[in-house]
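Here are some notes to read beside the model. Take the points in order and find each place in the structure as you go.

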Amino acid sequence: MAAKTFVGVFDSDHAVLAAARAARKKGLDIRDAYTPFPVHGMDDALGLPPSWLSRACFALGASGLAFALGFQYWVSLFNWPMNIGGKPFDASPALIPIAFEITVLVAGVGTVVTLLVFRGLLPGRVSPFSGLGATDDKFLLVIDGEAEEALRSFYKEHGAVRVEAVDGGAR
Amino acid sequence: MSNSHVSSLREPLVDGVKDLGQITRDVCDPLDAAPTTAWYAAFAAALCALSYGAVMVIHQVWTGIGAWGLNKTVGWSWDITNFVFWVGIGHAGTLISAILFLFRQKWRTSINRSAEAMTIFAVMCAGIFPLIHMGRPWLAYWVMPYPNPMGPLWVNFRSPLLWDVFAISTYFIISATFWFVGLIPDLATMRDRLPEGWRKKAFGIASLGWSGSHRTWSHYEMVYLLLAGLATPLVFSVHTIVSFDFATSVIPGWHATIFPPYFVCGAIFSGFAMVLTLMIIARKVMNFEGYITLRHIDAICKVILLTSMIVGLAYSTELLTAYYSSNHYERFAFINRIKGPFAGFYWMMVFCNVLVPQILWSERIRRDVRVLFVVSILINVGMWLERFVIITISLHRDFLPSSWTGYSPTYVEIGTYIGSFGLFFTCFLLFCRVLPMIAISEVKGVLSYARDDKNKESLHGR
């Protein structure tokens, strides 16, 4: 029997969380959960590591800072030194505001772009399972597996209101 | 929700027993229905103001900024007053969306979307004034450092006015990004409930294929937290840099180290007053009284009361500093403020910003929306006057009595200011009609807040 994908539809965040925890305990192959809002505790239930995007954000911010400071120093000291009231060319405090703004800009926009590209959130993408209400009031737990009967009874046991089987596509 | 703290001391954030589907319907249904007559009336008025402002701007660009009432002594007046006024209003949106998020103030969820929209539109209005003040706005890109063939030629990175360019543009881009990131899940909610048609297609493109996948939520929440962490120092930096425009000059009344905290606090104060004005209207017009509850109004009032007193402290500190400095010019600048030809504006400002908010000590008044509406308008007026007092009164009597002048705005300046309100309300009214005004996914997350467990079970249909 070929591997299939099963979608259990739940009515509440407690139910889907309990089901996800039980599925993980049983060693089932959980593909994902689809919820209208982030269900806290689901990270552990799905065994997800903490997001690495915080490190990406730090790296982006650091490169933004380095670029902004480097560029301002290059302009002020080498490319176009301007004498304004005899003030020093490398007046570091005066370069801080722009360096800070560019740091925030690169870190903020860069992190969002990283998230969108990494998670495939791009214009024209079609959302899977969009008819099942996961953006409204339903909570989905998606499990890959071969034993259809066992999975169906697992879902029912944990309070799923509906179970759908779909052909297992690419992850 | 597993992390909600059930408390008998706190009021629920959402009034009335609602289930998750009802939240979706309550927020989205008004967008599917035809606009009300009140909306059409408001939109027509806003559009009129916007068109009038547009004509005034064209007139000013055509004839030059001599069309304004400025003179050699008063080089900045309504233009920069309006700029600082609008930037300040924007700050409350970021405060609500970022700082209250970091402090885990869950009551922010039902007002953060519209407050962020307010930020974006207010910054757009603010941007108009320096742009047209340039006189030749088609050369506005000269303020950006770009590779050019004019020899080595760069902007002056040591100028506070250039810092302002970077601060305001970064603020606009980050606020818009933050707003859009928050909108993605709700755009998907809209997409999934709309019938086939162009709106479904548009929401489908804008929602970027959002599915509610928890693997995405997990990263999404991290990104939201990071953006909040970045936007928090950003919002402080923006008004600090705006205050540097004044504080780094040598004009008495401007040259003060108190300016950055004083400006930031004033910005939060005026922004919350504008949030209060908009929320009182929106909860009534859009029937969101169950979401934007009296508890929210009450919390906004407490922030206003706190910032009002900080602003009052700043006013008195300024006076004390002027007296204690023994500086002839500094002392005169403040005597001129409280006794000079524009003294009426100063005392009106003190009345609106320091005295009027004191009535918010009363809990009964903090929950009386009609009184609060009047209070919020008075604070908006007071905060506009504050910027006028700082800018115009400090300038009009400078070091040499022979160059002292008066100032009065021309109809062009007044028309441009009216036009900026037109732009703000046109954008805000369109936003109310097109996008979900309340962060649906966030409100769903706090639905069970401060409800007891028994009630919580029934809410989720078990």
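1. **Terms for a helix pair.** The axis of a helix is a line fitted to its C-alpha atoms over the stretch in contact, and the angle between two axes runs from 0 to 180 degrees between N-to-C directions. Keep in mind that this is a predicted model.

2. **A packed pair in chain B.** Look at helix H9 (residues 294-325) and helix H11 (residues 343-355) of chain B. They pack at an angle of about 140°, and their axes are 8 Å apart. That angle makes H9(B) oblique to H11(B), because only angles over 145 degrees count as roughly antiparallel. On the H9(B) side, the contact uses B:Ser308, B:Val311, B:Gly312 and B:Tyr315. H11(B) brings B:Val350, B:Asn353 and B:Val354. By type, the residues of this contact are four nonpolar, three polar and no charged. Note the spacing of the numbers. An α-helix has 3.6 residues a turn, so residues three or four places apart point the same way.

3. Most residues other than glycine have a negative phi. B:Ser326 sits in the loop between H9 and helix H10 (328-339) of chain B. B:Ser326 is exposed, as 8 other C-beta atoms lie within 10 Å.

4. **A second case.** B:Leu208 also has a positive phi, of about 60°, and is not a glycine. Its loop joins helix H6 (198-206) to helix H7 (214-247) of chain B. B:Leu208 has 19 other C-beta atoms within 10 Å, so it is partly exposed. The cut-off for buried is 20 or more.

5. **Helix H3 of chain B.** This helix covers residues 78-102, which is 25 residues. From first C-alpha to last it reaches 36 Å, close to the 36 Å expected at 1.5 Å a residue. Where does H3(B) bend? The place is B:Leu95, and the bend is about 40°. H3(B) is mostly covered, with 23 of its 25 residues buried. B:Arg104 follows H3(B) and has a positive phi, near 55°.

6. **Helix H2 of chain B.** Residues 37-63 form this helix of 27 residues. Its reach from first C-alpha to last is 39 Å, close to the 39 Å expected at 1.5 Å a residue. The buried residues of H2(B) are B:Ala46, B:Ala49, B:Leu50, B:Gly53, B:Met56 and B:Gln60. They pack against helix H4 (112-133) and helix H14 (411-434) of chain B. Just after H2(B) comes B:Gly64, with a positive phi of about 100°.

7. Is B:Tyr171 buried or exposed? B:Tyr171 has 28 C-beta neighbours inside 10 Å, so it counts as buried. This residue lies in helix H5 of chain B. Beyond four places in sequence, B:Tyr171 is in contact with B:Val123, B:Leu234 and B:Val238. B:Ile184 is 13 residues away from B:Tyr171 in sequence and 20 Å away in space, C-alpha to C-alpha. Now take B:Ala140, in the loop between H4 and helix H5 (160-193) of chain B. With 14 C-beta neighbours inside 10 Å, B:Ala140 counts as partly exposed. Its contacts beyond four places in sequence are B:Leu131 and B:Met134. The C-alpha atoms of B:Ala140 and B:Pro130 are separated by 9.5 Å, and these residues are ten apart along the chain.

8. **Where the chains meet.** How many residues of chain A are in contact with chain B? There are 61, and they touch 55 residues of chain B. Elements of chain A giving two or more residues to this side are helix H1 (13-26), strand S2 (29-34), helix H2 (42-46), helix H3 (53-79) and helix H4 (92-118). H4(A) gives the most, with 15 residues. The chain A side divides into 35 nonpolar, 17 polar and nine charged residues.

9. **Helix H3 of chain A.** The 27 residues of H3(A) should span 39 Å at 1.5 Å a residue, and the end C-alpha atoms are 36 Å apart, which agrees. The buried residues of H3(A) include A:Leu53, A:Cys57, A:Gly64 and A:Val75. The buried residues pack against H4 of chain A together with H7 of chain B.

Methods
Residues numbered from 1 in each chain as written. Chains lettered and ligands numbered in written order. Predicted model: local features only at pLDDT ≥ 70, side-chain atom pairs only at ≥ 80, totals over all residues. Contact = placed C-beta atoms within 7 Å. Helix = DSSP H or I, 4+ residues; strand = E, 2+ residues; numbered from the N terminus. Nonpolar A, V, L, I, M, F, W, Y, C, P; charged D, E, K, R; others polar. Parallel < 35°, antiparallel > 145°, perpendicular 65-115°, else oblique. Expected span 1.5 Å × (residues − 1). Bend = angle between axes of the 7 residues up to and from the residue. Buried ≥ 20, exposed ≤ 12 C-beta atoms within 10 Å, placed from the backbone.
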